[in-house]
Amino acid sequence: MLTFDDGYRDFAEHAWPILRRAGLPAVLFVPTAFPDRPGPGFWWDRLHSALRRTDQKFVDPPGLARIPLADVPDLRRAHRVLRTYAKSLPHDQAMFWLDSVIEKLSEVPSLHRVLGWDALRRLTRQGLSVCSHGHLHALCTRLAGGALAEDLATSKRLIESELSDPNQVAALAYPASATDAAVQRAVGNAGYAIAFGGGRGVDSIPLGDPTNVLRMPVHRYGEGLFRAQLRPTVSRVGRLWMEGRDRMRAIGRSSAGGESTRAPSGESSAKDM
Ligand SMILES: [Zn+2]
């Protein structure tokens with residue numbers, strides 16, 4: 001199953017024509033607040049653009065120590081630090097904080113590049129499945145209970161009313177893969193039949209947990225590595241590694257002892273992939 005997140009216009013321009021020609025079905029997960037909404041675009045695009053354009057030699061983000069911006073490695077590090085910090089904040093606070101940081105860096109043009117509803121309806125008629133990627137693209141783990149329920153319900157309602165696709169399955173992909181047990185319960189309560197992408201790996205049918213179906217992210221690495229990741233043994237090792245990592249994180253949270261730094265079994269082989 002091929003899934004694409006965020007609903008960028010270049011999906012329709014580049015990926016979809018190739019998928020159609022090859023007869024490959026696909027799912028596009030769209031954050032439903034963005035189609036046809038005038039606005040500055042996704043925060044990560046704006047942050048990236050602000051860092052590329054800035055002529056500042058450092059930035060003082062509220063809540064963080066001064067970050068140098070002197071050269072390319074500095075800028076890469078700044079991007080990583082600022083993204084990580086933004087993702088640690090409650091959603092509303094993160095958006096406010098990002099606006100203030102981006103303002104300090106440089107002026108950024110509108111980077112709104114999400115497909116509109118008309119285009120999404122056209123793609124749906126051509127056989128694409130369009131499903132939810134949340135409403136605001138907020139990290140589900142960074143929304144308080146009521147706000148999470150509202151985000152999930154709004155997104156589901158908009159997908160149903162805007163696309164009115166009779167074959168529609170109520171599916172969701174977690175923005176930035178952020179989920180936990182409470183989020184997965186909320187997703188079930190909101191009426192989603194299936195939710196993707198909390199973890200990395202290969203899932204099979206029947207699904208173990210329909211509210212946390214594994215996916216294999218495709219990055220800019222070679223075809224060989226991608227093929228290797230799809231092999232059942234490699235995927236099993238990857239899953240063991242993830243389970244070990246989660247257990248270690250849980251132990252690390254519950255005790256400040258040295259146990260959390262010990263590598264779980266299987267980590268070295270999983271890291272070599
Ligand atoms: Zn996304």
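The model is predicted; local features need pLDDT of at least 70 and side-chain atom pairs count only at pLDDT 80 or more, while totals for chains, interfaces and linings use all residues. Residues are numbered from 1 along each chain as its sequence is written.

Of its 273 residues, 26% are buried (20 or more other C-beta atoms, placed from the backbone, within 10 Å of the residue's own). Contacts join residues whose C-beta atoms, placed from the backbone, lie within 7 Å. Among contacts with a separation of 6 or more, 63% link residues 24 or more positions apart.

A nonpolar core is a set of buried Ala, Val, Leu, Ile, Met, Phe, Trp, Tyr and Cys residues joined through C-beta atoms within 7 Å. The largest has 34 residues. Val-130, Cys-140, Leu-172, Val-187 and Ala-195 have the most contacts inside it. Elements giving two or more residues to this core include β2 (26-30), α6 (145-163) and α7 (181-189). A second, separate core has 12 residues, among them Leu-47 and Val-101.

The axes of α6 and α7 (lines fitted to C-alpha atoms over the stretch in contact) come within 10 Å and cross at roughly 45°. Leu-148, Ala-149 and Leu-152 of α6 meet Val-183, Ala-186 and Val-187 of α7. Beyond four places in sequence, Val-187 touches Leu-152, Leu-172, Tyr-192, Ala-195 and Thr-211.

Note on methods
Helices (H or I, at least four residues) and strands (E, at least two) are DSSP runs, numbered from the N terminus. Two residues are in contact if their C-beta atoms, placed from the backbone, lie within 7 Å. Axes are lines fitted to C-alpha atoms, for helices over the stretch in contact, and angles run from 0 to 180 degrees between N-to-C directions.
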